[in-house]
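Q: I'm new to this one. Can you walk me through it, starting with what sits in the middle?

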Amino acid sequence: MKLIRIFFWHGWNLLKKNIYSVFFLDSFTPIPSNIYIIPSQRCNAKCIMCLNWREKTPLELSFETWQLVIDELAYVAPYSKINISGGEILLPGLLQDIAFYAARRLPYTGIVTNGFLLNKEMVKKVVAAGFSNVNISIDGNSEKIVNMIRGREYAYKTTLKAMELLAKEIKRTKSHMKVIIKPIMMGLNFHELPDLVRKVQKNGLHGVYFQPIEPIYNSKQTFEELKKSSLWIQKKDKFWASQIIDELIEMKKSGFPIINEVVNLEEIKDYFELSEGKNKIFLRRCKIDLSNLFLFHGGGISFCESFPSIGNIQKNTIKEALFSQKAKAQRKLIRRCRQINTCLSTCFIQKSPLQQMKLFLMLNK
Ligand code: SF4
Ligand code: SF4
């Protein structure tokens, strides 16, 4: 019965998305199927591709404010995929409270964590909480690379241990929770990624979802500056990197647990300009507003960070923001956004309805 309700909700929402994307009719305003909650930038890692950890007094809203938002989402977006991240979402206090409350209220709540705090006790708590998935960020397959990227000498061993503990606890409790490994592909680690996929499979975890490097989070770095840095795949490594991505494509085809579709992996090749000859990227229309919504630590409600927010959770309900004239005007601008060529993380790797469905089926297994 529950599955029928979920399919009906998503089917109707998909129809609304298709109608709205062409006619912008208010009565067909869709609900985003991926909602990202980022309640803080506080973090216990010191990653080289992120400046979140440098915030000495990060802006955070109260638990009660987020509680109201989560309660509203349970009503407005009951079957959307909720992704909660930070910062480090398992830091004790406010962040953990928000994550665990969301897991109680929303059936498809997942968290992103670096795994540093996932000791035996915390793993038991997380698995028992009913999260649909835990995404572990680990950016490589060796102590040297992972520790260097994370800026912590214990990063590799701790995260690996967390992965093992999660696999054991899920097996022990017969939990349906999925563990997804989310490495950021970059110039420093691309060569280690096929072995990371093999490790994930060996540990019985559920999948690997690759994301290409973006300009340093929470910094003013431009895409052009990123391309000149060591985080980008250097010219001398391009052929090698292209072979590695081909290897990942072959692994995907032969059944390794890679969540990206083959087309996404090809797109990552294009993003890093690894394909020979003409770049295969075609200009498309961004439709991020139909599928994604971000709720930031300062309360901003946003379709995309490159655009001003369409509301603030301290003043507006989610529904008010989504159905506002400001949101409608911004949706039209998003269709014409010229950044689509260099914006791989959110809009360029747009999940097709088929991919969305596959993910939902995986989370429901
Ligand atoms: S990338 Fe994630 S884990 Fe690393 S410092 Fe930033 S928020 Fe923390
Ligand atoms: S193309 Fe990228 S930057 Fe532009 S609206 Fe879409 S997600 Fe945002």
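Q: Which residues have the most contacts inside the largest nonpolar core?
A: This is a predicted model. In its largest nonpolar core, which has 86 residues, those with the most contacts are Ala99, Leu166 and Leu295.

Q: And which element gives the largest share of this core?
A: Helix 6 does, with seven residues.

Q: What does Leu166 touch?
A: Leaving aside residues up to four places away in sequence, Leu166 touches Leu118, Val123, Val134 and Val179.

Q: Where does helix 6 lie?
A: Helix 6, residues 155-173, lies across strand 4 (133-136) and strand 5 (178-181). Its direction is at about 160° to strand 4.

Q: Switching to the sheet: what is the order of the strands?
A: The order is 7-5-4-3-2-1-9-10-11. These nine strands form an open sheet with mixed pairing.

Q: Which ones are the edge strands?
A: Strand 7 (207-208) and strand 11 (311-312), each of which pairs on one side only.

Q: How many bridges join strand 1 to strand 9?
A: Four, and the two strands run parallel. Strand 1 covers residues 34-37 and strand 9 covers residues 292-295. One of the pairs is Ile35 with its bridge partner Leu293 in strand 9.

Q: New topic, helix 1. What should its residues span?
A: At 1.5 Å a residue, the 22 residues of helix 1 (residues 2-23) should span 32 Å. The end C-alpha atoms are 31 Å apart, which agrees.

Q: Which residues of helix 1 are buried?
A: Asn13, Lys17 and Tyr20 are buried. Seen down the axis of helix 1, the buried residues fall within an arc of 80°, so they line one face of the helix.

Q: Why would residues three or four places apart point the same way?
A: An α-helix has 3.6 residues a turn, so residues at that spacing point the same way.

Q: What do the buried residues of helix 1 pack against?
A: They pack against helix 11 (288-291).

Q: And what is exposed on the other side of helix 1?
A: Leu3, Ile4, Phe8, Gly11, Trp12, Leu15, Val22 and Phe23 are exposed there.

Q: Last one, Met1: buried or exposed?
A: Met1 is in the segment before helix 1. Met1 has 5 other C-beta atoms within 10 Å, and a residue with 12 or fewer counts as exposed, so Met1 is exposed.

Notes: Residues numbered from 1 in each chain as written. Chains lettered and ligands numbered in written order. Predicted model: local features only at pLDDT ≥ 70, side-chain atom pairs only at ≥ 80, totals over all residues. Expected span 1.5 Å × (residues − 1). Buried ≥ 20, exposed ≤ 12 C-beta atoms within 10 Å, placed from the backbone. Arc of directions from axis to C-beta. Contact = placed C-beta atoms within 7 Å. Pairing = 2+ DSSP bridges. Axes fitted to C-alpha atoms, helices over the stretch in contact; angles between N-to-C directions. Core = buried A, V, L, I, M, F, W, Y, C linked by C-beta atoms within 7 Å.
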